[in-house]
Amino acid sequence: MELAFTGRVIEWRGPAPYYFVPVPDQESADIREVAALATYGWGVIPVEAKIGELAFATSLFPKDGGYLLPLKNAVRGPQGLSAGDDVAVRMTVRL
């Protein structure tokens with residue numbers, strides 16, 4: 001399953017700050033349809049994502065009926081991304 005969307009980078013404060021892009025409602029609904037085939041536990045969904053020319057593997061975190069795409073420093077740094085920035089994401093759910 002391939003998806004493309006634009007989202008705003010958010011910061012999640014905890015013991016250490018984490019950054020995510022919330023997956024929009026429609027794309028989250030599409031992912032839920034194949035979630036049972038894709039998840040490897042705790043509801044996380046493995047994906048290959050691409051922001052700009054930077055491709056990376058990660059897993060979506062379930063949150064309030066939707067999903068969050070984690071952005072590691074190795075992704076945010078080269079792209080110059082910080083909380084509040086809008087970002088275009090291309091993503092493939094790994095089944």
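Arg-8 and Asp-86 pair up through their side chains in a salt bridge at 2.9 Å, N to O; the term covers a side-chain nitrogen of Lys or Arg within 4 Å of a carboxyl oxygen of Asp or Glu. Arg-8 sits in strand β1 (residues 2-8) and Asp-86 in strand β7 (residues 86-93), so the bridge ties together parts that are 78 residues apart in sequence. Helices (H or I, at least four residues) and strands (E, at least two) are DSSP runs, numbered from the N terminus.

This is a predicted model, where local features need pLDDT of at least 70 and side-chain atom pairs count only at pLDDT 80 or more, while totals for chains, interfaces and linings use all residues. Residues are numbered from 1 along each chain as its sequence is written, and side-chain values use heavy atoms, with hydrogens and water left out.

**Salt bridges**

- The count comes to five salt bridges.
- Another bridge joins the side chains of Arg-94 and Glu-48 at 3.6 Å, N to O. This one links distant parts of the chain, with Arg-94 in the segment after β7 and Glu-48 in strand β4 (residues 45-51), 46 residues apart.
- Arg-94 is partly exposed at 34% relative accessibility, and Glu-48 is partly exposed at 36%.
- Glu-53 and Lys-50 also meet in a salt bridge, at 3.8 Å, N to O. Glu-53 counts as exposed at 71%, whereas Lys-50 is partly exposed at 26%.

**Nonpolar core**

- The largest nonpolar core has 25 residues, and the ones touching the most other members are Ile-31, Ile-45, Leu-60, Leu-69, Leu-71 and Met-91. Such a core is a set of buried Ala, Val, Leu, Ile, Met, Phe, Trp, Tyr and Cys residues joined through side-chain atoms within 4.5 Å.
- Two or more residues each come from β1, β3 (18-22), α1 (25-38), β4, β5, β6 (66-70) and β7.
- Skipping residues up to four places away in sequence, Ile-31 touches Met-1, Leu-3, Val-23, Ile-45, Leu-60, Tyr-67, Met-91 and Val-93; contact here is heavy atoms within 4.5 Å.

**Helix α1**

- With 14 residues, α1 reaches 18 Å from its first C-alpha to its last, close to the 20 Å expected at 1.5 Å a residue. That expected span is 1.5 Å times one less than the number of residues.
- α1 has a kink of about 40° centred on Arg-32, where the bend is the angle between axes fitted to the seven residues ending there and the seven starting there.
- Glu-27, Ser-28, Ile-31, Val-34, Ala-35 and Ala-38 are the buried residues of α1, and they pack against β1, β4, β5, β6 and β7.

**Ser-59**

- Ser-59 belongs to strand β5 (residues 54-63) and is buried, at 9% relative accessible area.
- Beyond its neighbours within four places in sequence, Ser-59 is in contact with Tyr-40, Val-44, Ile-45, Pro-46, Val-47, Leu-68 and Pro-70.

**Gln-79**

- Gln-79 lies in helix α2 (residues 73-79) and is partly exposed at 29%.
- Gln-79 and Gly-52 are 27 residues apart in sequence and 7.6 Å apart in space, C-alpha to C-alpha.
- Ignoring neighbours within four places, Gln-79 is in contact with Ile-51, Gly-52 and Leu-54.

Definitions and conventions
Buried means under 20% relative accessible area, exposed over 50%, partly exposed in between (1.4 Å probe, protein chains only).
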